[in-house]
Amino acid sequence: MTSFTRRPGSPVERLKRALLPAAAALALGISGCSAQGTSDSGSSASGGEIVIGAEQEPDCADWIATCAANIWGSYIMRTPTLPKAFDTRETDDGWRLVPSDLLTGEPEVEITADGKQIITYSINPDAVWSDGEPITGEDFVYTGLQVRDGDDIFDKTGYTLIESIEAPDEKTAVVTMSEQYGLWRILFSGDFQVLPKHILDGNDRAAIMKDGYDFSGGPWKIDSWVRGTSVTLVPNENYWGEKPKLDKVTFQFITDTAAAFQALKSGQVQALYPTPQLDALSQIEAGVPNTNIEVDPDTGNSEAIWINNEAFPFDSVTTRQALAYSIDRPAIVERLYGKLGVSEAQQSFLSPLNAAFGSDEFSRYTRDLDKVDELMTGDGWEKNGDGIWAKAGQAAEFRITSHAGNKRRELTEQVLQAQLEEAGFKMTIANSSGAEIFSKLAPEGDFELGLWTIIDTVPEPTLSASFTSTAIPSEANGYSGINFVRTNIPGLDDLLTTVDRSVDDDERIAASLEAEKLIAANIPGIPLATVPNILMTNDRIGGPLQINPSEGPFWNLEKWTVG
Amino acid sequence: MIAYALRRLLYSIPVVIVGSFLLFWAVRLAFDPLGKLRQSQDPTVVAREIERLGLDRSIPEQYFLWLKGLFSGSWGVSTRTGGDAMQMIAGAAWPTLQLIFWGVLIGSVIALAVGVYSAVNQYRVGDYIFTGASYIGIALPAFWFGLLLIQIFGVWPVQALGAKEPPLYFVGLHSVGDSGLNFDYIRHLVLPVVTLTITLVASWSRFGRASMLDALSSDYVRTARAKGVPRKRVIAHHALRNSMAPFITVVLLDAGVLFGGLVVTEQIFSIPGMGKLLLDSLQAGDVYVLLPWMAVVAVAIIVFNLLADLSYAFLDPRVKLR
């Protein structure tokens, strides 16, 4: 028997979605629906071993280096083994960064008269590494300086503002930022967690860490990493918090989706966390016996239509608005994820992970072909003999670019193509490889519409990277920056800078909501859908089983049991 | 023969060098080693990495730096994993060699047996059955056939028959924590080897049949029969030995190509071999792994070609190597 659980979102979302899981379960012909909270099935016995199928293998485990940019690496090794200052947890205000058990509480934040920000972290006296050495302020110093000053670093955002880090005593770290930094909670959290100075300082960090490491400051430690095959975790006996119930967890790399589902069906693996591609959805629809399926639509991954604001015909707000009114976004979402009970379009570029900072400003754009006619004719467009809008001899013909071979996006493009044709736009599909898109086409502006995902890895809004004018890639700046849509909305830079820099959360939220209004009015792109997360577990696995949109499905692995 | 072999190997060196440069050039143009950093929110990371990896230098300059490193013993460092390219290739070559060894061994024996049977029983029912089966085998896509085998031997016994675990496994070459040549290894090996072997047997058996028919219709076989040599002895000692030369040549040539061509089989059965390494490295534009990968595969093909030539000369005394 398969049970099907769909995670609720915000209180309003919960109300709106209350009946959907049942409908989805009926559509899938599966039973045992549970709609609220975490799924807690299976036995609660301690001990035992489980094998989990992992669809990607991390390239390396030197987490701060460029080779480590892989989300699966964070799920299966980084999160379970390294301590961090803040955890992503669900609160009454949605997903937020809250102090972890590494700290004694919320760090003290002080703004000096000259505008500097001082953050004082107080470290839990019980916090120790797996070798028994205490986790100290010096570990914060080492980690911060490695990121700030290192050569091969994946992302220095925020760390470049660190003026100094000091450890006045063993259990305190004091970080001085050269200016205010609103996203300060991502320091020593998010993508980069605290590293042990007593092991790494003076040694080749990359050599020690890249193939896995034997130290830990989390509930698990890495027992082995057999390249191409598996990663095995065992409990960290010296962990100061809740210790794991399982004796061993192995993540086996199975990159072929069909083979991964067969492995789950045959019992070779007991859990999967598949990307919701069409082949995975078909497998779920066909049924997976003895399996619980947890679907969470409140994730950090938002699929959007990105509009090149400098390319014809979208170099005017009017045509961009007309485009938005031409698209039936809920129909597309229903087509993609309806089988999972997900049918609501995303109404903000901020994903549900950042719902506290977002709004539903884009909800005004529903398919309305009369509105399209009104906007286009008002702007001097007329339909030509082919029924396509034209102005000054130029027809509204354009390309859409996405990842070639991605069936879900190809389906999305096909549905879009049909909808836009009815509205008087001619769209052709010009897909390419991800490398080509993000190294050439998008930076150089060689596209009209793009279809790709914006990913929030932590519950802190980072829209400034995508929408501030200073992030527009150009030849002059070496095509750096990811404002690929080349939007330059008056007033937006200031608002997004406030969101990034202010340490007053109320001020940040107010600025973010204002920014949302400007973005929706100018339409640099159109949010489309939140990509749901799916966790599939054998019914022998006990939980609580809950997907954390930032830390992944295995964030509470220490609580898992097997019957 | 040794001089011939050495000469052949020396001739292949410029081919490998030119080929490696063309590959370097093509990979640099087609793939971006910084692709995964292009969407980073850190606007400076790409510029930092371009400088650190020397990507701002010309392609010939980058290539010759790699070549220089190769002659001093370094095959290069992967831009994807930060690992040593030689170790990565050695790690990937071993599973692939195991698959090729068992696939070629089992496939060649079965193909030869089927080919001889079909030739000796030409246009009889058995010949037609094997001919039909071989056409099906050649047409079977590996990914489809592999998944079919997984369903039949890996999933149905558990789901339909209630078995506690499947009789044959299909993830990797060993269970987690297991190693060595044991029953667990055999349970993992069967399905990928069958997937690989089915196509090999299908094509090689056709070749075996054709070469055996050639031998059976030759003058020396007719003479042997006319002299009253028993049929079995004619087939085994006269026809079979002479038909072996072209058959083994084809087997060895195919084995060389297989070294880099098991992408689908390795993908389906989650085997971290050369095919999977190629796929991962291509997607990441990891030219410093692709270059030695290509060199190793090229050497494997050259060596197997050489072995094919040598074996032909060994089996057919009419052939002289110069």
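Modeller: Two strands pair if DSSP finds at least two bridges between them. Helices (H or I, at least four residues) and strands (E, at least two) are DSSP runs, numbered from the N terminus. This is a predicted model, in which local features need pLDDT of at least 70, side-chain atom pairs count only at pLDDT 80 or more, and totals for chains, interfaces and linings use all residues. Residues are numbered from 1 along each chain as its sequence is written, while chains are lettered from A and ligands numbered from 1 in the order in which they are written.

Biologist: What is the order of the strands in the open sheet of five strands of chain A?

Modeller: The sheet has mixed pairing. Strands of a sheet pair through backbone hydrogen bonds, either parallel or antiparallel. In chain A, the order of the five strands is 19-18-20-14-21.

Biologist: Why is one side of strand 19 and of strand 21 of chain A left without a neighbour in the sheet?

Modeller: Strand 19 (426-429) and strand 21 (525-530) of chain A each have a single partner strand, so one side of each has no neighbour in the sheet. The reason is their position in the sheet: both stand at the edges.

Biologist: Which residue is the bridge partner of A:S302 in strand 21 of chain A?

Modeller: Strand 14 (residues 301-307) of chain A runs antiparallel to strand 21 of chain A, and five bridges join them. In strand 21 of chain A, the partner of A:S302 is A:T530.

Biologist: How many of the 10 residues of helix 15 of chain A are buried?

Modeller: A residue is buried if 20 or more other C-beta atoms lie within 10 Å of its own, exposed if 12 or fewer, and partly exposed in between, with C-beta atoms placed from the backbone. Helix 15 (residues 492-501) of chain A is mostly covered, and its buried residues include A:L492 and A:R501. The number buried is seven.

Biologist: Which helix of chain B gives the most to the side that touches chain A?

Modeller: Two residues are in contact if their C-beta atoms, placed from the backbone, lie within 7 Å. The contact takes 43 residues from chain B and 47 residues from chain A. Helix 2 (45-53), helix 6 (142-159) and helix 10 (263-268) of chain B each supply at least two residues of chain B's side. With seven residues, the one that gives the most is helix 6 of chain B.
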